[in-house]
Amino acid sequence: MEIQLVKKQLTRTDIASCLAYPTGNLWAFQMVQGRNAINFNARDPTGRVWEFKLCTRNHGRYKKPVIRGDWLDYVDEKGLTVDDFIILTMVEDAKNGVSYNIRVEPNLELAL
């Protein structure tokens, strides 16, 4: 079963720094207690595996999760621009466990 974790229209910050991740979907990653980051791999439609890192703040009221790691390399390779949509999904499989997929959808409204 595939679960959509993120469908987000990219902002300038997402393109230049890191991808903001929704706090409400942190449940999809099993962070070790006392840690504020977890590495995970996500496969793109070409089959390439990207090594991402989901990080949260160490302190403060809000966790403000972001995705780093290979994120900026992914942005560069895919030629992402502001207003493109990024979709991150999680697939739960009894045989293979949990895996993640990432893909891009251009903003078709801008292309018209």
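Trainee: What should I know about the model before I start?
Mentor: It is a predicted model, in which local features need pLDDT of at least 70 and side-chain atom pairs count only at pLDDT 80 or more, while totals for chains, interfaces and linings use all residues. Residues are numbered from 1 along each chain as its sequence is written, and side-chain values use heavy atoms, with hydrogens and water left out.

Trainee: How many helices and strands does the protein chain have?
Mentor: There are 3 helices and 7 strands. Helices (H or I, at least four residues) and strands (E, at least two) are DSSP runs, numbered from the N terminus.

Trainee: What pattern do they follow along the sequence?
Mentor: The pattern is β-α-β-β-β-β-α-β-β-α. The chain's radius of gyration is 14 Å, close to the 13 Å from the globule rule for 112 residues, so the chain is as compact as a globular protein of that length. That radius is taken over C-alpha atoms, and the globule rule is 2.2 Å times the number of residues to the power 0.38.

Trainee: What does the C-alpha trace span along its principal axes?
Mentor: About 45 × 40 × 20 Å.

Trainee: And what share of the residues is buried?
Mentor: Buried residues are 34% of the 112 in the chain. Buried means under 20% relative accessible area, exposed over 50%, and partly exposed in between (1.4 Å probe, protein chains only).

Trainee: Which residues touch the most other members of the largest nonpolar core?
Mentor: The core has 25 residues, and L5, Y21, F40, F52, I67, W71 and L88 touch the most other members. Strand 1, strand 3 (37-43), strand 4 (49-55), helix 2 (71-78), strand 6 (85-93) and strand 7 (97-105) each give two or more residues to this core. A nonpolar core is a set of buried Ala, Val, Leu, Ile, Met, Phe, Trp, Tyr and Cys residues joined through side-chain atoms within 4.5 Å.

Trainee: Why would such residues sit together?
Mentor: In soluble globular proteins, nonpolar side chains tend to be buried together.

Trainee: What is W71 in contact with?
Mentor: Leaving aside neighbours within four places in sequence, W71 is in contact with L10, D14, S17, C18, L19, F52, L80, I86 and I102. Contact means heavy atoms within 4.5 Å.

Trainee: Staying with helix 2, is D76 buried or exposed?
Mentor: D76 lies in helix 2 and is exposed, with a relative accessible area of 63%. D76 and A16 are 60 residues apart in sequence, and their C-alpha atoms are 9.9 Å apart.

Trainee: Now the loops. Where is P45?
Mentor: P45 lies in the loop between strand 3 and strand 4. P45 is exposed, with a relative accessible area of 67%. Apart from neighbours within four places in sequence, P45 is in contact with I102 and R103. From P45 to V104, 59 residues along the chain, the C-alpha atoms are separated by 9.2 Å.

Trainee: And T56, buried or exposed?
Mentor: T56 is buried, with a relative accessible area of 10%. T56 is in the loop between strand 4 and strand 5 (66-69). Its contacts, leaving aside neighbours within four places in sequence, are L26, M31, N36, K63 and P65.

Trainee: What is phi of K64?
Mentor: Phi of K64 is near 45°, a positive value in a residue other than glycine. K64 is in the loop between strand 4 and strand 5. D83 also is not a glycine and has a positive phi, of about 85°. D83 sits in the loop between helix 2 and strand 6 and is partly exposed, with a relative accessible area of 25%.

Trainee: Last one: where is A94?
Mentor: A94 is in the loop between strand 6 and strand 7. At 89% relative accessibility, A94 counts as exposed. A94 and M1 are 93 residues apart in sequence and 9.8 Å apart in space, C-alpha to C-alpha.
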